[in-house]
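This report describes selected features of a structure, given below with its sequence.

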Amino acid sequence: MKSFLRGVLLALVVVASIVAWAALPWPVLLALAVLFLLWMQLTRAGRQAGSATSVGVSTLPQRIGSSSVVVVGIAGVVAVLVSLLAMGVGYSEALSNSGSTDTAIVLRGGSASEVSSVLEHDAVLAIAEAPGIARDKAGKPIASPELVVAANLPLRDGSGDEGSVQLRGVGDQAWAVRPEVKIIAGRTFKPGLRELVAGKGAQRQFAGLAPGSQIKLGSQLWTVTGIFASGNATDSELWSDADVVASAYRRGSSRTSVFARLTGANAFDGFKAALKGDPRLQVDVQTTLDYFSKQSEQTSQAIRIIGIVVGVIMAIGAVFGALNTMFAAVAGRAREIATLRAIGFRGTPVVVAVMLETMLLALLGGVLGGLLAWLAFNGFAASTLAAGTTAQMSFQLHVTPALLWTGLKWALAIGFIGGLFPAVRAARLPVTTALRES
Amino acid sequence: MKYLHLIWAALWRRKTRTILTLVSILAAFLLFGMLDGVRTSFANAGKSAAGAERLQTGSKLSFIETLPQSLQARMEQVPGVKMVAYANWFGGAYQDPHNQIFTFAVSDNYVDMYPEVAVSPAERKAFEQTRTGVLVGDLLAKKYHWKVGDKLPLQSNIFPNRDGSKNWSFDIVGVIHASKPDDKQMLQGGILMHWKYFDESNPYNRGRVGWYVTRVNDASQSDRVANAIDALSANSDHETRTMTEQAAMAQWIKQMADVGFIVVSIMGAVFFTLLLLTGNTMAQAVRERTSELAVLKTIGFSSVSVLGLVLAESVALVLLGGVLGLGLAAVLGPLLSAGTGGMVSMPPVPASSWAIGVALMLAIGLLVGLLPAMRAMRLNIVDALAGR
């Protein structure tokens, strides 16, 4: 009965600490760590724990095989978790980098994304004249009516399969609306001709996109004149003149969206109100930051959930691996621990010593796993069908410091659970029998 | 076989250690079961027998372009074609514009193309006779508590109604079920409406369809028929591209994500860790039992049979944990799917995953048992008994 109650109590301690560990912000955790260090320095029990730990750690090299199980097990969990989360982060970064608060996108009312929006010619003209749009030196509004369509192109992997790429017909102000888009090879397209420039992500994905080469969209021949880079989702697109795209795709004078550079982020409300108040228009107005963040929400959420589910299952495996190792370590050092107890060490220092040792191994595993994920996957190029578009979007996995911190937190949590039970067993070892054991 | 009890006893010599190791193995194979199930269902998408008989025809330019409806009559004339149906993407959303639902505007014979799903004859008749009628998938109906006879308000992300608003109203006249209860179909989560009603009610469509579905008489003739269909509109302003459903699906999934690569990477990390962990357990088990193994040898067990005993023990350990893990994955998957009302759809663990899984268990078991078993085999009786 007593041992059962103790088991329940321990389980409660585990749950409470994990919840606190996950929920508390880092300043609180730091404060707790400082408190713990002070306890180790200033109290008798703390100093005892310190020396017990150093004894334990000094015997680690003799147990290198079994200790490495803890390290590698946890490194595996952290590496997989961080890599999967980095995928979600990379995806949403590629999209949210595409937006800013001082540019706006105007779509037909109720359209979830660009492809499903249609703006008639009159609406496009009215939008470009709205107040709040910045003007260039010639006094023309910096607004680009754009037409987004999809095109099938052969993939670069040599399988002969075709993939879908987003073709964006842009107005002549498109480059001024998005100053981050730069031509890095060749030249830009000439308006009125069947010429296009390709993003560098699209170039990586699809065959035949080199300056000077010709590609077939449907039955029509287009010339690729250059490659552009932007560092965001635009990289996965092809750009051409909106009028040419409209005639090739029989869209007449309609467009899918209008991108506009505002005079500043604070001009957005006025711009939106003016368009909403215009009785000729039925449009949705968003900053591009809002628009692109919303596009990425679902997918990056889904990737995060997958990462966490996989991480949890792997963590369960790693916890039991750590338990196994630490139980064995405690059993192997039973005599040593019993001796400590016999010469007057209390239970707490023994518990703390075993826990600290496990956490140390876990920390090592966490660092190793994070490093592995960073080395192998930071900047790794991936692609998917982007939500809300009809085409492939390429993006890069990004292992951020925040993700590495998450990985470390997981590692320490696994170490905590894996160390707690063996630590309690060590503290409760009956001194006399343990001393007699060979 | 006669040593089975010996192996079994050795396995449970240290209960805690064995159980802890078993749980680790179980977790690894649980993950394997779930991930490999996902991988297989992605890899096999569209590979059904009925799927092989279906061709999809879309615009060569891109899949958002439409084709003239007049093509249907010409496609039906192509030798080898049994039936031609067509559909349009409606872009339906229920309640919230972001809550999108697969909604297709289809020709009357569309449902006949898919023997995988069934609609009762009475409901089928009602659908044919109701202009604004829709058939809804049973999973969807369950999720939103729809019944036959309900009015169904839908928004379209793309198409306005004749009155200029994007709110459409339909009558639910029937429910789409799967023909085989365990065989989940995409149409169970979708809505079908009349193409005719769709075309008449929205000013933009003007007799165009999104894609054609063709059923061929003989699956082995698919390529020839596909080429013949594409030849119909060669050099026109609506060139087509026809593929088997399987090929179309494979291409689509390839663009979604490289599922195979992700699964293999994760499982590589998992199994590497597992190898180390189980290897450590076995090494400990043999080290502890040095004197016992020496006794076995003393009473006449040959070195090879001692090797066999240890190997069998490690294989048994991994097999036990692995089978439990895969079994758990098989039970958990459907439970998860049912519990979330089809929101999360976990495929069951297919036979191929079991086969790969068991092969992996045997391989891992042998691999981790090898070093300790060699050690046990080379044991010198005198030294071991003396504790040296």
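In helix 9 (residues 268-277) of chain A, the buried residues are A:Phe268, A:Phe271, A:Lys272 and A:Leu275. They lie on the same side of helix 9 of chain A, because they cover an arc of only 95° around the axis; the arc is that of the directions from the helix axis to the C-beta atoms. A:Asp269 and A:Gly277, on the other side of helix 9 of chain A, are exposed. A residue counts as buried if 20 or more other C-beta atoms lie within 10 Å of its own, and as exposed if 12 or fewer do, with C-beta atoms placed from the backbone. The buried residues of helix 9 of chain A pack against strand 1 (103-108), helix 5 (121-128) and strand 10 (283-287) of chain A; contact requires C-beta atoms, placed from the backbone, within 7 Å.

The model is predicted: local features need pLDDT of at least 70 and side-chain atom pairs pLDDT 80 or more, while totals for chains, interfaces and linings use all residues. Residues are numbered from 1 along each chain as its sequence is written, and chains are lettered from A and ligands numbered from 1 in the order in which they are written.

Helices (H or I, at least four residues) and strands (E, at least two) are DSSP runs, numbered from the N terminus. Strands pair if DSSP finds at least two bridges between them.

| Partner strand in chain B | Bridges | A bridge pair |
|---|---|---|
| Strand 12 (residues 211-216) | Six | B:Ala85 and B:Val213 |
| Strand 5 (residues 100-106) | Three | B:Asn88 and B:Ala105 |

Notes: Two residues are in contact if their C-beta atoms, placed from the backbone, lie within 7 Å.
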